[in-house]
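Dear colleague,

Please find below the structure that I am handing over to you. I would be grateful if you would look through it alongside the notes that follow.

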Amino acid sequence: MIPVEYYLVVAGVMFGVGAIGFLLRRNLLVQLMCIELMLNSVNLTLVAFNRMRPDDHNGQMFAFFVIAVAAAEAAVGLAIGLAIYRLSRSVRSDEADLLKN
Amino acid sequence: MELLSNIFPPQNFTLVAVILGLPALGAFVNGVFGKRLGKHAVRLMALSAIGGSFLASLIAFAMLVSFGRAAHGEHGAQAGVQVIERLKFTAWHWFDVSTNGGFGSAPIEVAFTIDRLSSVMMLIITGVGFLIHLYATAYMWDDQRPDGGFHRFFAYLNLFCFAMLVLVMGSSLPLLFVGWEGVGLCSYLLIGFWYSDDANAAAGKKAFIANRIGDFGLLVAMGLLVSYGGALDWEGIGSGAGSLLQRVQVWPIGHAPTTGVAGWVVSHVPFLFQSFNPTVATVVGLCLFLGCAGKSAQIPLYVWLPDAMAGPTPVSALIHAATMVTAGVYLVCRLWFVFLLSPVVMATVATIGVLTAFFAATIGLAQTDIKKVLAYSTVSQLGFMFLGVGVGAFSAGFFHVFTHAFFKACLFLGAGSVIHAMHAGIHDTTASQDMRNMGGLRKWLPTTYLTFFASCLAIGGFPLTSGFFSKDEILYRTYVTHISAASAEKGLTRWEAPTWFGPMLYWVGILAATMTAFYMFRALFLTFWGDFRGWELAKSGAKTKHGDGKTDKHEAAKHDAAHDHAKHDAHGHEPHGPMAAPHESPWAMTVPLFVLAAFALVGGVFNPGLFSKEPGMEHWLLPFFQASEEYVKVKDGAPSAMMLALPGVMAFVVGAGGAFFVYVMSKGEPARVFTEKIPGLYRLVLDKWRVDEFYENTIIGMVESLAETAVVIDKWLIDGIIARLTALVVAAFGTVLRAFQTGVVHVYAAAMVVGIAVFGWFFVWQPQAGATVREQSSGKYVVEASPGLGYKFRWHSKTPDQPDSEAFTGRRTVEVDVSPGETKLVKLDVKNAFDRTTTSTVVVTRPSPSPAGSAQPPVMKGSIR
């Protein structure tokens, strides 16, 4: 069996890639994908930890919840992106500063 | 009667619902649906409402009469028939009021009582009210002003009757107050009925505000009665009246200062701070009388009544002559047992009454507006009523209310008829009411003339008319009665009026009566005798009045209406001018005039005090006022009633004869000469002694400057400092905080990352070494560390340098023994899952047993290793 540390390292790398991508990229669609990456890294840790306790399925259940929430988040996020595109003909998040000051 | 008292038992007299409900229903229907119903339906509703109420009142009156006969008849007394003096109906429990400094409580019921006093008032309200309603249907029929409204008028008029009935039937002061305010409201609404004219609206406001001042007195009196008497219903006030004789300190308020500048003033100006302790009855009586003076237009609050003539004439007749303004007299009669407890109050009432009678009569001498003459005459007659009740002649004063309702309503309706006729030719409200433009109207208005003449005789006091009996009864009683004070405490004498007081009031009253006869007959001669002086005005008025651009929209509408009207009654056109001749009014206006004039002439038979030992009205009200005879005594050696009636007759002869001489025989020449000789006095009287101006410059000016001060405070202190400054501070914070709102998602996300990192460092990376100390029993203290995920603890409870055991364990508590006054240090090491350790020191102090030593809370010091 693959030790749990391996999973954690992969998840940590995935989360770091997602977080840094979210902070640095300016394209809304890429930022959304980064969010998905972070969420899935969390899913990975949940499932990995759950493997340590075979009688318990809470971690897997949580992973399903996170997937459902992520789907809803993606729908809302894409709708926001679409609305911003209609407004300013661009999907750059740093140009969408209508709420500045 | 047997049947009636079975249907309506005296203790649960449900007929009250009809008496009160019909006018209320009329007001509701006319007010809400009137516009859609049309004039005919509105007329039917209004008349049937007030007419039905009148019939029900008659039934109630008849039942009272029959009960009275049963009790006081030949067999009644010995057969032990229970005396039924009042018909009661309790609608519901309203509220409780705490009495006796909060220890007791008195229920206030919405209950109505019909007794001997209120039954007469009800007959006046509904009876005279019906006649005036009938009159108004014709008077207001052609009113087409846009701000008028036939249905609105009758809704208000019915509402007024409802409120007035509540006033007289209410069985407690709060309920009376509801009616009191209700009639005030209707008065306000009806004075300003044609509200788009600023003067009318201002008159309504003036009436309302003057009444408000009076109502303040009434409210204070209610509070005092609850506090000292312990009840607010008539019977309760009556039975608690004895406690009103205690003395209260009304001045100085609180304790007079003894130190500092204020103390120096007190010791050097003693008369200012002399303690003033009248009886409660005096204070209550004066407060009640302030309310009466407001509602009944007495000095100093009478100024609103003459202005109230801005309303339609039927309103002046019903509200400002026959009913509402007599509410004050009614209240004095109703609470006579409170007023009579204090001779000071009685003397005040009588003095104010006679002064008002005199003062208003002088103003009436010079007025040219026919309604103003009648208005001042009303003020003057109300003064006579207060003179009557003020000298203890309650039934005489009340009888004057009764007769005055007839002759003054008749005079006002006659004036309305005249104005109605004049209005056909002169389309100007002021000009059509000016007696200088009238004259000779008896040719065209014979009915109006006859009835007006009859009422003039009555108000002037022509022998055997109603006014003669009522006025002379009042004056006679004024001369002969003396009011003795109720039993005084030991060592304190109570004030009583001196013996010359009554005769002095009597002679002032005679003077006022003379002037009354003079100005009433002056009005009669100027209006109905001589030649008509309106032609010139009508001719010139047609050119100037309508050409000077002052004609506004409803003036024009009125104009059209009047023209239509003139076409309807196109009779008796005079060839002289463009205006239609004045014309007699339709039957709906003349019938009430006839009825009222008949009562004005023969109404004296109800109480011919001069010729009868037990006259009707006095006998009827005797059970109500009988107990007053204890205090009101006829002086020894007083002249007989016949003797004292002679000056009254002379007053009529001199007044009416003088008017005849001046205005008929000399065609007003003496009046002109007088005006030119002493123009100053004439101007002063014409300007109503400039009382309005005086009030304007003193009281109103003071209030206005107070308001201006308040404006300055509001503008600079409230708005400037409190509102603007706080807003500025908040705005400054906002400006600073706004800089953080960059609108860029990445910045927010970065801030979030940083924030989470800080939280994580503090709460996860760093162990938190907290602890609480509690005393388990004496000398035994328990130190408990705060829990945390994955935390392990190591204690140094014995000595600070040496841990209890080297290993970290999950044991969160440690026990320490401390002797009194001793302080111990307990060290705590906390280690978390990341093997990081924090140390803190807990100081455990046991307070010393000495009482002086104060308990010190345990102090904790911590440090991170």
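Predicted model: local features only at pLDDT ≥ 70, side-chain atom pairs only at ≥ 80, totals over all residues.

Residues are numbered from 1 along each chain as its sequence is written, and chains are lettered from A and ligands numbered from 1 in the order in which they are written.

Chain A contains three helices and zero strands, where helices (H or I, at least four residues) and strands (E, at least two) are DSSP runs numbered from the N terminus. Its radius of gyration, taken over C-alpha atoms, is 17 Å, well over the 13 Å that the globule rule (2.2 Å times the number of residues to the power 0.38) gives for 101 residues, so chain A is more spread out than a compact globule. The C-alpha trace of chain A spans about 50 × 25 × 25 Å along its principal axes. Of the 101 residues in chain A, 13% count as buried, that is, with 20 or more other C-beta atoms, placed from the backbone, within 10 Å of their own.

Between the chains, 10 residues of chain A are in contact with 10 residues of chain B; contact requires C-beta atoms, placed from the backbone, to lie within 7 Å. Within chain A, 53% of the contacts with a separation of 6 or more join residues 24 or more positions apart.

Chain B is divided into domain 1 (363-370 + 384-487 + 494-534 + 583-686) and domain 2 (769-864), with bounds from an automatic or database domain assignment. The C-alpha centres of these two domains of chain B lie 101 Å apart.

With kind regards

Methods
Contact = placed C-beta atoms within 7 Å. Buried ≥ 20, exposed ≤ 12 C-beta atoms within 10 Å, placed from the backbone.
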